[in-house]
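Open the model in your viewer and keep the sequence panel beside it. The stops below are given in the order in which to select them.

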Amino acid sequence: MTVDEKELRREIQFAIRNAQGIRGAIFTPNDAFEIIVKKQIGRLREPALKCVDLVINEVASAVREAADCAAQYPRFRDVLEQIVIQAMRDKENNTKQFVNHHIDIQMSYINVNHDDFIGFSTAEQKASASTQNQSAGRKNIGNQVIRKGWLSVHNIGIVRGSRDFWFVLTSENLSWYKDEEEREKKYMLPLDGIKLRDVDASFMSRQHKFALFYPDGKK
């Protein structure tokens, strides 16, 4: 079942205008909401009934194939197939009646107080709870140390070249130190969207190396 977005938007606009009348409204009227929702629920009737027909056809085909096992008794096979298919047709009518009643019940009353309905207040509460959980998670994690080691920094100052520093990588920043004692801090780089990858060391070097980069390619 496909829905034309342009047609749906046009129906929503007409429903809101008809519900408001000559007076304007700050929020979307409930009448307009119910009109649109009931119309969308009503569109489920045809595919639901078609689904019942498809199931009946598949089961009928299976019954005919199973009845072929009694091909040596033609009359018995015909009677058996007729009885089973007739019982299926009776259940088909009951099933379609149940589907129609169920859709009519859903269209008769739109329960906006249901737990599955996400209204404005529910959405606001869920968004607030999600934000609080994320903040609590970050507080629990803290500024944990991820990795330590020597880092070769290239192109420092005017003179081209590289210098090795002892670095400490945490969940929030990357800090440079003069040596492994971590007493003299040279620089601290806050991490925001930076990614990490390992780099193969040179042939004669035993130092562990890695590279920092941005996924979007910026430096």
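Is Cys-51 buried, partly exposed or exposed? Select Cys-51 to begin: the model is a predicted one, and in it Cys-51 has a relative accessibility of 45%. That value lies between the limits of 20% and 50%, so Cys-51 counts as partly exposed.

Next, select Cys-69. Here the relative accessibility is 68%. Because this is over 50%, Cys-69 counts as exposed. While the cysteines are on screen, there is one more item to check. A disulfide is a covalent bond between the sulfur atoms of two cysteines. With a cut-off of 2.5 Å between sulfur atoms, the model has 0 disulfides.

Now go to Ala-70, in the loop between α3 and α4. Its relative accessible area is 13%, so Ala-70 is buried. Show the surroundings of Ala-70: leaving out residues up to four places away in sequence, it touches Phe-76 and Arg-77. Then select Leu-80, which is 10 residues from Ala-70 along the chain. The C-alpha atoms of Ala-70 and Leu-80 are 9.4 Å apart.

Helix α3 covers residues 45-67, and helix α4 covers residues 74-108. How do their axes run relative to each other? The axes of α3 and α4 come within 10 Å and cross at roughly 165°. The angle is over 145 degrees, which means that α3 is roughly antiparallel to α4. The crossing of these two helices is right-handed.

Within helix α4, select Glu-81. Which residues does Glu-81 contact beyond its neighbours within four places in sequence? They are Arg-64 and Ala-67. Show the side chains of Glu-81 and Arg-64: a polar contact joins them, at 3.4 Å.

Move along α4 to His-102, which is also placed in this helix. With a relative accessible area of 42%, His-102 is partly exposed.

Look at the backbone: phi of Glu-182 is positive, about 60°, although the residue is not a glycine. Glu-182 has a relative accessible area of 26% and is therefore partly exposed.

Key
Residues numbered from 1 in each chain as written. Predicted model: local features only at pLDDT ≥ 70, side-chain atom pairs only at ≥ 80, totals over all residues. Heavy atoms only, no water. Buried < 20%, exposed > 50% of the residue type's maximum accessible area, 1.4 Å probe, protein only. Helix = DSSP H or I, 4+ residues; strand = E, 2+ residues; numbered from the N terminus. Polar contact = N/O pair within 3.5 Å; in protein donor to acceptor, adjacent residues only side chain to side chain. Contact = heavy atoms within 4.5 Å. Axes fitted to C-alpha atoms, helices over the stretch in contact; angles between N-to-C directions. Parallel < 35°, antiparallel > 145°, perpendicular 65-115°, else oblique. Left-handed = near helix turned anticlockwise from the far one by under 90°.
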